[in-house]
Amino acid sequence: MRRLCTALALLAITTTAASAQGITVSLTEWKFEMSKDTVKAGSVTFRVTNNGSMAHSFFVKGAGVAKGTRDLAKGESATLTLPLKAGTYDVYCPMAEGSHQVAGMAHKIVVTAGEAAASAAPAKKKPGSSTWPLHMPST
């Protein structure tokens with residue numbers, strides 16, 4: 001039973017990670033390089049690497065989200081997976097009381113609504129509406 005629970009937990013983690021959209025982020029002095037800046041709503045994983053010569057971090061803010069990575073020393077990496085709703089998000093380096101952000105380490109990400117769900121079955125009409133099918137006993 002324990003093995004089954006472990007296997008199911010690993011499957012859930014793998015499935016979640018596999019379904020997340022990925023954005024690669026490179027941090028250097030006073031700029032970000034991002035693999036894309038528009039994604040669909042849903043789970044998004046930021047793969048952040050500090051390629052600069054000093055400590056940096058990465059923060060995402062908007063639409064009910066305010067979360068970031070730990071401080072990353074030169075050469076360190078981190079991942080940050082967030083559920084993002086449609087909207088515009090600010091991403092920036094919050095280091096040095098915001099001076100990295102002011103110096104140019106700021107960008108915006110646009111999250112678009114996902115594809116429309118497949119059309120659902122038509123709703124049933126309520127009794128009393130003019131189009132409710134009447135079932136009369138046959139004579």
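Which pattern does the protein follow, read along the sequence? I read α-β-β-β-β-β-β-β-β-α-β. The model I am working from is predicted.

**Overall counts.** I then looked up burial, and 27% of the 139 residues count as buried. The accessible surface comes to about 9,400 Å². Carbon and sulfur atoms hold 59% of that surface. For contacts, I took residue pairs at least 6 apart in sequence; 56% of these join residues at least 24 apart.

**Strand β5.** I went to β5, residues 59-62. In a regular strand the side chains alternate between the two faces of the sheet. Here I find Val60 and Gly62 on the covered face, with Phe59 and Lys61 on the uncovered one.

I checked the partners of β5 next. Strand β6, residues 65-68, runs antiparallel to β5 and is joined to it by four bridges. The two strands form a hairpin, with two residues between them. In the turn I noted a positive phi of about 45° at alanine 63. Strand β8, residues 87-92, also pairs with β5 in the antiparallel sense, over three bridges.

I followed lysine 61 to both sides. In β6 it stands opposite alanine 66. In β8 lysine 61 stands opposite aspartate 90.

**Threonine 28.** I located threonine 28 in strand β1, residues 21-28. Is threonine 28 buried or exposed? I log threonine 28 as buried, because its relative accessible area is 19% and the cut-off is under 20%. Leaving out residues up to four places away in sequence, I find threonine 28 touching Asn51, Gly52, His56 and Met105.

Note on methods: Residues are numbered from 1 along each chain as its sequence is written. This is a predicted model: local features need pLDDT of at least 70, side-chain atom pairs count only at pLDDT 80 or more; totals for chains, interfaces and linings use all residues. Side-chain values use heavy atoms; hydrogens and water are left out. Buried means under 20% relative accessible area, exposed over 50%, partly exposed in between (1.4 Å probe, protein chains only). Two strands pair if DSSP finds at least two bridges between them. Contact means heavy atoms within 4.5 Å. Accessible areas come from the Shrake-Rupley method with a 1.4 Å probe; for residues, only the protein chains shown count as cover.
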